[in-house]
Amino acid sequence: MMNPGLQYPIFGPEIQCPHCRQTIPALTLTDTYLCPRHGAFEANPKTGELIHLQSGRHWRRWNNEWYRQHTHPDGIRFEIHEALDKLYTQGYRATRVIIARRYHELMGGYLERSTPWRSGQPEATSARLYGLPVDFSPDPSEDPCWEVINFDLEKEPGVPVRYPYFRLFE
């Protein structure tokens, strides 16, 4: 008799679609999940990734949440932009962005750089994104979540000072 667990991909008989969060079933005896809206996703048991077959986008899971694994800076910048919008609608403002260390090279050319006018020291140069200070995460060996998640926003209650997206309309 065959073990029923072996009939499904590595994430089990169903998962939530990374796009629409709808529960989607696994196709038995395959490594595939099928979303009626977004098509097929293949689970890679070697990497622990979920791959959208139509677009080639990769996701990894941490604490039952799917995180897209970016290969282009625009993808992570857009994701941060959406998170900032969401904070704003919830009555919070971000005070700092922490980006996963694995994106350091990818994001380097897209961060705003500013040097305090008095010091003139390169060590004082701070990276910013959407007007917020940027730091990079600790090494994933110190905190394993950073192997999967892309960024974190430090926040506080209140309306952002000069909400960064209003610049588009000024």
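**Exercise 1. Find out which residues Glu 49 touches, leaving out those up to four places away in sequence.**

Step 1: Set the rule. A contact means heavy atoms within 4.5 Å.

Step 2: Go through the neighbours. Glu 49 touches Phe 11, Glu 42, Ala 43, Asn 44, His 58, Trp 59, Arg 60 and Gln 69.

Step 3: Know what you're looking at. This is a predicted model, where local features need pLDDT of at least 70 and side-chain atom pairs count only at pLDDT 80 or more, while totals for chains, interfaces and linings use all residues. Residues are numbered from 1 along each chain as its sequence is written, and side-chain values use heavy atoms, with hydrogens and water left out.

**Exercise 2. Work out which side chain of opposite charge is nearest to Glu 49, and which side chain makes a polar contact of 2.7 Å with Glu 49.**

Step 1: Glu 49 sits in strand S5, residues 49-52. Strands (E, at least two residues) and helices (H or I, at least four) are DSSP runs, numbered from the N terminus.

Step 2: Look for a charge partner. Lys and Arg count as positive, Asp and Glu as negative, and His and the chain ends aren't counted. A salt bridge needs a side-chain nitrogen of Lys or Arg within 4 Å of a carboxyl oxygen of Asp or Glu. Buried means under 20% relative accessible area, exposed over 50%, and partly exposed in between (1.4 Å probe, protein chains only).

Step 3: Check the polar contact. The side chain of His 58 is the partner, at 2.7 Å. A polar contact is a pair of N or O atoms within 3.5 Å; within protein, one must be able to donate a hydrogen and the other to accept it, and residues adjacent in sequence count only if both atoms are side-chain atoms.

**Exercise 3. Trace the salt-bridge network that includes Arg 96.**

Step 1: Start with Asp 135. Its salt bridge with Arg 96 has the closest N and O atoms 2.2 Å apart. Asp 135 is in strand S11 and Arg 96 in strand S8, 39 residues apart.

Step 2: A salt bridge of 2.3 Å, N to O, joins Glu 154 and Arg 96. Glu 154 lies in strand S12 and Arg 96 in strand S8, so this pair ties together parts 58 residues apart in sequence.

Step 3: Arg 96, Asp 135 and Glu 154 form a network of salt bridges. Arg 96 is partly exposed at 23% relative accessible area, and Glu 154 is partly exposed too, at 32%.

**Exercise 4. Say how many disulfides the structure holds, then check Cys 35.**

Step 1: Check Cys 35. Its nearest cysteine sulfur belongs to Cys 17 and is 3.8 Å away. Cys 35 is buried, at 2% relative accessible area.

**Exercise 5. Identify the residues that touch the most other members of the largest nonpolar core.**

Step 1: Define the core. It's a set of buried Ala, Val, Leu, Ile, Met, Phe, Trp, Tyr and Cys residues joined through side-chain atoms within 4.5 Å.

Step 2: Name them. In this core of 23 residues, they are Ile 80, Ile 99, Leu 129 and Val 134.

Step 3: See where core residues come from. Helix H1 (73-89) and strand S8 (92-99) are among the elements supplying at least two each.

Terms used. A disulfide is a pair of cysteine sulfur atoms within 2.5 Å.
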